[in-house]
Amino acid sequence: MPDAIFAHPRLAPVYDAFDGDRDDLAAYLGIAGELGAERVLDVGCGTGCLAVLLAEGGRTVMGADPARASLAVARAKDARARITWVHGDAAALPPFDADLAVMTGNVAQVFLTDEDWARTLRGIRAALRPRGYLVFETRRPEWRAWEKWAAETESVVLDIPGIGSVEQRSEVTDVSLPFVSIRGTYTFRADGAVIVSDSTLRFRGRGEVESSLDAQGYRVLDVREAPDRPGRELVFIAERAT
Ligand SMILES: C[S@@+](CC[C@H](N)C(=O)[O-])C[C@H]1O[C@@H](n2cnc3c(N)ncnc32)[C@H](O)[C@@H]1O
């Protein structure tokens, strides 16, 4: 069951506003070009920010996510219905013969158990063409992002077109490494509704990610810094080995 921030019908429509500028997506567009990818699968596509950019570039795109409310936001951005939207889990993707699968926005960190992560990598592998690519990032545990998040105690208030003023308060509710739990509390000032979203993320180190890719039939081609967040995240570029 995805977290409320993705799955709740009132929270998914405010996700993009609170997520801010998506400076991270340019790197993924660049990598798709570098790899010559024409068919791209966006796993955990959420509100579809990257999928829409990929389709605008003329690529054949499938976006998959288990959160219906996020997919509804994504579909609304795809007025010409160029993208195939799939409601579902990364472990059970339809065949797509993708040149490239991507997971942006640290989707890789939502898979908490080793078995969930392994099932996800196997599911994506089955949707890739032979020697197709998988590219995703994850926050480096060494950066200790949770300490920065815990220090940010100011609430954020945004005036969102069509929705009105919404206040977001964020807190770190538990750190039991490799797991970090966070809570977002959203107050809709138009009617006073308060909706809480709890999330837990898993922080995996570089060696752990590399061996999990190897174990699930991928070859790691490169591990890069995220250009917009140097030192904070690692971008893995892997290839379906067989
Ligand atoms: C932080 S959001 C990132 C969304 C999008 N990729 C982006 O960059 O804006 C994480 C996404 O992972 C999705 N997700 C959670 N569990 C999933 C699963 N089992 N399979 C695929 N996606 C999942 C959530 O619904 C959510 O849309």
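Glu-142 counts as exposed, at 54% relative accessibility; exposed means over 50% relative accessible area, buried under 20%, and partly exposed in between, with a 1.4 Å probe and protein chains only. Glu-142 forms a salt bridge with Arg-140, the closest N and O atoms being 3.9 Å apart. Arg-140 is partly exposed, with a relative accessible area of 24%. A salt bridge is a side-chain nitrogen of Lys or Arg within 4 Å of a carboxyl oxygen of Asp or Glu.

This is a predicted model, in which local features need pLDDT of at least 70 and side-chain atom pairs count only at pLDDT 80 or more, while totals for chains, interfaces and linings use all residues. Residues are numbered from 1 along each chain as its sequence is written, and side-chain values use heavy atoms, with hydrogens and water left out.

**Salt bridges**

The whole structure holds 21 salt bridges, among them these:

| Pair | N to O distance |
|---|---|
| Asp-191 and Arg-10 | 2.8 Å |
| Arg-119 and Asp-116 | 3.2 Å |
| Arg-140 and Glu-142 | 3.9 Å |

Helices (H or I, at least four residues) and strands (E, at least two) are DSSP runs, numbered from the N terminus. Asp-191 is partly exposed at 49%, and Arg-10 is partly exposed at 31%.

Arg-119 and Asp-116 are three residues apart in helix 6 (residues 114–127), which means that about one helical turn separates them. Arg-119 has a relative accessible area of 35% and Asp-116 one of 28%.

**Ligand surroundings**

Around the ligand are 17 residues, of which Arg-22, Gly-44, Asp-65, Asp-89 and Thr-104 come nearest; a residue is counted if one of its heavy atoms lies within 4 Å. A polar side-chain atom of Arg-22 lies 2.7 Å from a ligand oxygen atom. A side-chain N or O atom of Asp-65 is 2.6 Å from an oxygen atom of the ligand. A polar backbone atom of Gly-44 is 2.7 Å from a nitrogen atom of the ligand.

**Trp-149**

Trp-149 sits in helix 7 (residues 145–151) and is partly exposed, at 21% relative accessibility. Leaving aside residues up to four places away in sequence, Trp-149 touches Arg-139, Val-172, Val-180, Ile-182, Leu-201 and Phe-203, where contact means heavy atoms within 4.5 Å.

Definitions and conventions: Polar contact = N/O pair within 3.5 Å; in protein donor to acceptor, adjacent residues only side chain to side chain.
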